[in-house]
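Hello,

Here is the structure I promised to hand over. Please have a look, then read my notes below.

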Amino acid sequence: MTDATLNPVSNRGPRARFNLEAWVMRGGIAIAGLFLIVAVILPLYAMLSKSFEDKDGAFIGLTNYVAYFDTPSLSYSISNSLTVSIVATIIVITLAFAYAYAITRTCMRFKGFFRLVALVPILAPSLLPGISFIYMFGKKGFMRELLMGEPIYGFIGIVLGSSFWTFPHALLIMITALSLSDARLYEAAEALRASKLRTFFTVTLPGAKYGVISAIFVVFTLVITDFGVPKVIGGQYSVLATDIYKQVIGQQNFQMGAVVSVMLLIPAVLAFTVDRLVQRRQVALLSARAVPYAPKPSRGRDIGALIFCSVMAGMLLLVLGVAAYASLVKFWPYNLSLGFTHYNFEIMDGGGWGAWFNSMKMAGLTALIGTTLVFTVAYLVEKGQDARFGRVVIQAMAMVPLAVPGMVLGLAYIFFFNNPANPLNGIYATMAILVLSTVAHFYTVAHLTAVTALKQIDGEFESVSSSLKVPFWTTFRRVTVPVCQPAIFSMAVYLFMNAMTTVSAVVFLYSPDTNLASVAVMNMDDAGDIAPAAAMAMMIVYTNLTVVLIYGLLSRLVEKRTQAWRQR
Amino acid sequence: MKIDITKYMTTVATFALAGGLAANAAAAETLTVYTAVEAEDLAKYAAAFNSHHPDIEIKWVRDSTGIVTAKLLAEKDNPQADVVWGLAGTSLILLKGEGMLEPYAPNGVKELDPKFVDSEVPPSWVGMDAWVASVCVNIPEAEAAGLPMPASWKDLTKPVYKDQVIMPNPASSGTGFLDVSSWLQMFGEEGGWAYMDGLHANIARYTHSGSKPCKLAAAGEIPIGISFAFRGAKSKAAGAPLEIVVPSEGVGWDMEAAAIIKGTDAMDSAKKLMDFIVTKEANEMYNAGYAVVAYPGVAKPVEHFPEGLVDAMIDNDFDFAAKNRKSILAEWQKRYDSKSEAK
């Protein structure tokens, strides 16, 4: 209440209006908080407590954890997970840095093209590279000589597959980090006659430091929490994410699944926390007087960059192309004629074409509901005048999903929603729980996008509206939403694509009525039907590609109308 | 263009509502049927049943034998399945021991070979067919790797086959379990585990499903896949250069069987389905892939089936297999699980 009376804005409105408006605002904040508690916090609590219980639900302290460390085949996965994650992170960070450097700091040709191609893996589920690698590096693979007799199944396959699908994530961060730099530093370096190499280590690298650190943690977390790559190509090399699945689905040992989940949660949360702490120390790199750096042509460097980017882009396209080809070959490797027989999903595991339609529905609903919800909550948090404490708590809760692996979230949802005592028990095994879990899983990035967009809008809009006696929901509808349209669109596309490709959370939550395309890919591969699995994976890619193209066209059209004010 | 947020919200609400309505409309006569039958046959099985009972919709939940068994056990207090149609007999004997099956004598059950029917009256489960272990060998791949054609189980432990064999994980796969169970019965407990120790040294990977080793052999990913005869015959029919080997010591087998899960709220429909499962028509359908079926006189030879397969079937002790399933799997996992594929 003191908040409200101190607030000059609300004092201007008539008493009656103020009450209604404040009520709606507080109600909205309360609902938002409740949503995040139900969708994220309570399930995680249910999961944690399960790891301290026996089969009948009695508290047994650390017994499950002792059993875990007493079983070498289980605890061994911890070092396996860390090893693949660290190796893949080093590879991806090196390659992504070089690629981003070529795009931002050279005068290489076709920059736009290379930038687009590098994003291709985002369209595909992480199961796809594993499938492609069987055709490339398997016993009958056309590139198997490159492995010099080593099998692709296991360590090598996991590292390669993880590198493929995390590359664009690292690249986007690196491009942002390398785009901002002060040309005056380079002029100074040149004036001091520093060598190119020295300039690189004393100016370029420190300037991009925070971006690189962020990318390291993002890639590490993505790899260690990923389930798709090790599931398909992991062979006998067990990692934490596949162990959770083995325990829960294979042996229906939910308590042990919860213990492994905690083991996976620890590195993910650590990486997240360290990254946050480091980023906090970042100071503005670009002062008002900075001169943006523009690369000057340098023949050798530019040609080298072009060659490097061509090789990288070629490899990314090759992996995708192999999956597309594999889905068409009639009987690899003995009958190489092409056809669409593998697209006859009805005779396979996974739920047939219905799974694809379900995925479309799930992704559409996730985009629609998720965007509406996330944006509204972000608005309340960012522009709300009241309930300061509530807003801070929501802000913090909105960050949690980023640190929670999908497998862990999915298992947490089983524990929380499949409990007959839960009034929300009814949504278990329905489309609703798939949408809810997917919105929760990808909440943070969408939230941050919305917050960034909202921060760009001057708070004066709210003040002016308020003094004109316009309630906040009218301002929201007539000013905020149209101004933020580009961000809203990109949130929707982000949620849609991730809902199409995700396996980790939903693999525990789908039911025979709600088979999903991404899960079908996994199930078909499990049954040995690798070509149909490739076909379904390609259906996901084609769907996402279509959505991205529509988004590109639509945002151009809409931007012309709603964003004209950005031009003077 | 301005976006009308109320319109936006209405659309969301309509979607949610439509979803809810659709869910209600589907609540007619549905039977949730758990199965481990090959996915490509499920539509055929359902269609055959629906030609007699178009009003009963079958909702399949399919996975490998071990997974379905584990799922049923986990759901013991809150069963989700109405009927099990096509799960290993060993698993059903186990479920019967847990008191999870509803005894019912389907109309016409007397026609079946008594070996395929639970001996108690009324029976808790009825068999459909037998599926039999076999070894799929990719002929060109084996030649390229310089491997002799194996003739017996013992052959597969020879050093020449190192990393050239794939077999299913018995914890998840019914085929994998019947192999392990048959080795323990044929070679004795000690000899069986000693055999598996030797075999383990040659195994490249253990797979989640029992069909996958043969499918991998068919695709040339591995020269030798331990699988079952029906899968091998299907891959051979699809053009794979396979030889289906029947090991000389004899081959393990299990029957596919069906039962009603206790506590089902669709008992009438479940009984109708059980009545259909024992018909001659249904058995003819099983015969498409299984050389031995429960209905006497129905079985015709299956195309691409190896010769002598039926004679090689061991005298299987199902009670031994069911009773010791848990401890066998625990021992197996302790010894070999680090090589297993995820799941």
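What distance separates the centres of domain 1 and domain 2 of chain A, taken over C-alpha atoms? It is 26 Å. Bear in mind that this is a predicted model.

First, the domains. Domain 1 of chain A covers 2-50 + 346-566, and domain 2 covers 72-282 + 296-326. The two touch: 31 residues of domain 1 of chain A are in contact with 32 residues of domain 2 of chain A. On the domain 1 side, several helices of chain A each supply at least two residues, among them H3 (15-50), H17 (388-403) and H25. H25(A) gives the most, with ten residues. That side of domain 1 divides into 24 nonpolar, five polar and two charged residues.

Next, the chains. 45 residues of chain A are in contact with 45 residues of chain B. On the chain A side, H12 (228-233), H13 (240-250), H16 (352-383), H22 (472-483) and H25 (530-562) each supply at least two residues. The largest share, five residues, comes from H13(A). The side of chain A that touches chain B divides into 19 nonpolar, 15 polar and eleven charged residues. Note H25 of chain A: this helix supplies residues to the side that touches chain B and to the side of domain 1 that touches domain 2.

Last, a detail in chain B. Helix H4 spans residues 89-97. Its buried residues are B:Gly89, B:Thr90, B:Ser91, B:Leu92, B:Ile93 and B:Leu95. Just after H4(B), B:Gly99 takes a positive phi of about 70°.

Best wishes

Note on methods. Residues are numbered from 1 along each chain as its sequence is written. Chains are lettered from A and ligands numbered from 1 in the order in which they are written. This is a predicted model: local features need pLDDT of at least 70, side-chain atom pairs count only at pLDDT 80 or more; totals for chains, interfaces and linings use all residues. A residue is buried if 20 or more other C-beta atoms lie within 10 Å of its own, exposed if 12 or fewer, and partly exposed in between; C-beta atoms are placed from the backbone. Helices (H or I, at least four residues) and strands (E, at least two) are DSSP runs, numbered from the N terminus. Two residues are in contact if their C-beta atoms, placed from the backbone, lie within 7 Å. Ala, Val, Leu, Ile, Met, Phe, Trp, Tyr, Cys and Pro count as nonpolar, Asp, Glu, Lys and Arg as charged, and the others, Gly among them, as polar. Domain bounds come from an automatic or database domain assignment.
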